[in-house]
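User: I have a new structure to get through. Can you walk me around it, piece by piece?
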Amino acid sequence: MKSATIQLETLTCPSCMQKIENALKSLEGIDKDSVNVLFNSSKAKLNFNEDEVSIEEIESAINKLGYDVIKSKVK
Amino acid sequence: MQRHILSNKNNIALISGILIAVGFLSKWIMDNTDIFTSSLIIASVLGVAPIAIQAYQALKVKVVSIDVLVTIAVLGAFFIQNYEESAIVTFLFLFGAYLEQRTLNKTRSAIKELTEMVPESALKQMADGKFEEVEVDEVDVGDVLLVKTGAKVPVDGTVLTGEGSINEASITGESLPVAKEKGSNVFAGTILENGTIQIVADRVGEDTTFGRIIELVEEAQESKSEAERFIDRFSKYYTPAVLVISFIVWLFSRDVELAITILVLGCPGALVIGVPVSNVAGIGNGARHGVLLKGSEVIRDFSRLDTIAFDKTGTLTMGNPSVTEKEFYGDNIDEALGYLASVERESEHPLAKAVLEEIGETTFSPVENTEVVKGGGIVAYVNGHRIAVGNVALMEKENVKLNEKAIADVDRFEKNGNSLVLAAVDGELKVMLGIRDQIRPGVKEDLLKLKKLGVKNLIMLSGDNQGTVDLVSRELGLTEAHGNMLPEDKSAYIEKLIDEGQIVAFVGDGINDSPSLALANIGIAMGSGTDVAIETSDVVLMNSDFSRLPHALGLAKATAGNMKQNIFIAVGVVLVLLASVLFSEWMNMSIGMLVHEGSILAVILNGMRLLRYKLRKVKI
């Protein structure tokens, strides 16, 4: 398990959070309970299994929703 | 293609705005309805594209978002060939989103400033002894780093060589530079204003004081109160419900216009965003002023405060007590002072330092069989003599007789506001010291401000004798003051106040008052930036600066009020919109969207006022 902190473009509507949260939760290899989208700091935090899903795939899932990923940190 | 459209959302808003203007101008001036209609159609199609894409993406992850409502409404308007409304609604929605993003960034700016102070690179000493620039993530504990003038200290560390002065405002809120030399501790995120130093890394990344503060602030701004969680749950079902209602309205009335108007009016907006906006701006203001407010729940309780209980030493007073009066009894005083110093040297009690400073040079002897008497003092053996050091209660327990003069001295010392340290050798009183702690400058004014802010009771709880406590209390104008209290007495007292139904804050330095800090509705820690108290309390006054307390309380009140205003605006707007769609002729989709976006901006702008909040000057 690795944990990722993903800095997103400024989130303006609370329904964006719901969208991103649902999208992340629907990916394989992500610890669903760990998904946390922070509205004010416009960040997504989650734990994922690097054997099943890569950070690039996670980023592209967010991109596909129409949100830019500014930078992500994995450790 | 999708991404291209989305990333040009703002340009699309601009173009559709221009198209709408062209359309209306051609209609009014040239009376040309062809241009009018066609430019509005183009504007609608262009404008709805990014909204529809977002709606589609939301539906894909099973969320009925505002985009879904707006897209359906626009399609409906198109269907009944009301291009005017479809164009204006899409434009307002896009333009509103743009303004929201701009203004929201402002409300978040204070906290963003803080996070942007996180150091990104460091000059690390490599195996060959040379310093190379590396990412701050690559620094490990024990690495040697070079910090040059004007640079940020990248980690928490200790100075190895060199000296300089450092601005620690990011941690303490105090912008006066602090001198650092070999052995001094330095903190990540602070700025070396002059000099060059080499440091060894003690804590890195999120473990640094600054890293912890940022994490706490970020958590605080996301924390949600019960009411907010309710609104969140509510809005999850609210949006789909609006969709269903408008469908039912259409089913019964067959009035597409009415159905899509309801869709637009039903958009939740201000309600969902109002409270978080106040929260983030309030906490941001605090962070700028050296006050850490941990979340909206804390703000709510804090704003309704009845009573503040204070620890005395280190909170109301400087916490640097010194000996102001002394009396000696009998012979061999020098020897007795030597024993006293030997015992006190091993004590961590705040008064011990004052005693040692007073005695100065003396002969120290080994101390044996030390026994700490809780709430009394210390009993130990030095050179075979039984030495008792402590208060009057300890002397009684040790059967030390106080003669008439000594009893009179005790009275006098206490009346003058001293804490007493008595020392007896083999059951005979030898030394009596009166130790006094100075009141922090400005505390009196600060307490007055707290009263003006509506705090009913200011109570001091102290382990000191009642005489000292009363004196400080009179000088500061407190409502109550209780002395001779052990830490558990303090927490019991706070529990009693809470049981009486009061909302109680406790202010302490967190060293021996953690039970009280934890028990009070609001635990306020006087943090010097490194204390663990930062983590356990609800509010932290950085740099142990008491004068930030009135600002903290005023800010909490302003923030709580701001949240209420925002809820009022949001709910009020929804009610007015609903009433007007039912009872008035003038309400349509465009006006609905305008009011909707307007109310969102209104709550954001209202929240932004908190960023500039300052405690008004109080007349004394």
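**Parallel strands in chain B**

Analyst: S18(B) and S19(B) run parallel and are joined by 4 bridges. Strands are DSSP runs of E, at least two residues, and helices are DSSP runs of H or I, at least four, all numbered from the N terminus. Two strands pair if DSSP finds at least two bridges between them. One caution: this is a predicted model, where local features need pLDDT of at least 70, side-chain atom pairs count only at pLDDT 80 or more, and totals for chains, interfaces and linings use all residues. Residues are numbered from 1 along each chain as its sequence is written, while chains are lettered from A and ligands numbered from 1 in the order in which they are written.

User: Which residue in S19(B) is the bridge partner of B:Gly508?

Analyst: B:Ala525. S19(B) is also joined to strand S20 (residues 539–541) of chain B by 3 bridges, again parallel. There, B:Met526 has B:Leu541 as its bridge partner.

User: Why is S19(B) called largely enclosed?

Analyst: Because 5 of the 5 residues of S19 (residues 522–526) of chain B are buried. Buried means 20 or more other C-beta atoms within 10 Å of the residue's own; 12 or fewer is exposed, in between is partly exposed, and C-beta atoms are placed from the backbone. B:Ile522, B:Ile524 and B:Met526 point one way, B:Gly523 and B:Ala525 the other.

User: What does S9(B) pair with?

Analyst: S9(B) pairs in parallel with strand S16 (residues 457–461) of chain B over 5 bridges. It also pairs in parallel with strand S18 (residues 504–508) of chain B, over 4 bridges. B:Asp311 stands opposite B:Leu461 in S16(B), and B:Ala309 has B:Phe506 in S18(B) as its bridge partner. Both faces of S9(B) are covered.

User: New topic. Where does the antiparallel pairing turn up?

Analyst: In an open sheet of 6 strands of chain B, ordered S10-S15-S14-S13-S12-S11. Its edge strands are S10 (322–328) and S11 (367–373), each pairing on one side only. Inside that order, strand S12 (residues 377–382) and strand S13 (residues 385–390) of chain B pair over 6 bridges. B:Val382 stands opposite B:His385.

User: Which helix lies across those strands?

Analyst: Helix H14 (residues 333–345) of chain B, running at about 70° to S13(B). Axes are lines fitted to C-alpha atoms, for helices over the stretch in contact, and angles run from 0 to 180 degrees between N-to-C directions.

User: How do H23(B) and H24(B) sit, parallel or antiparallel?

Analyst: Roughly antiparallel, a label for angles over 145 degrees; under 35 is roughly parallel, 65 to 115 roughly perpendicular and the rest oblique. Their axes come within 9 Å and cross at roughly 175°. Among the residues that meet are B:Ile569 in H23(B) and B:Val595 in H24(B). Contact means C-beta atoms, placed from the backbone, within 7 Å.

User: And H11(B): what span should it have?

Analyst: At 1.5 Å a residue, its 19 residues (270–288) should span 27 Å, and the end C-alpha atoms are 26 Å apart, which agrees. The expected span is 1.5 Å times one less than the number of residues. H11(B) has 18 of its 19 residues buried, so it is largely enclosed.

Note on methods:
Two residues are in contact if their C-beta atoms, placed from the backbone, lie within 7 Å.
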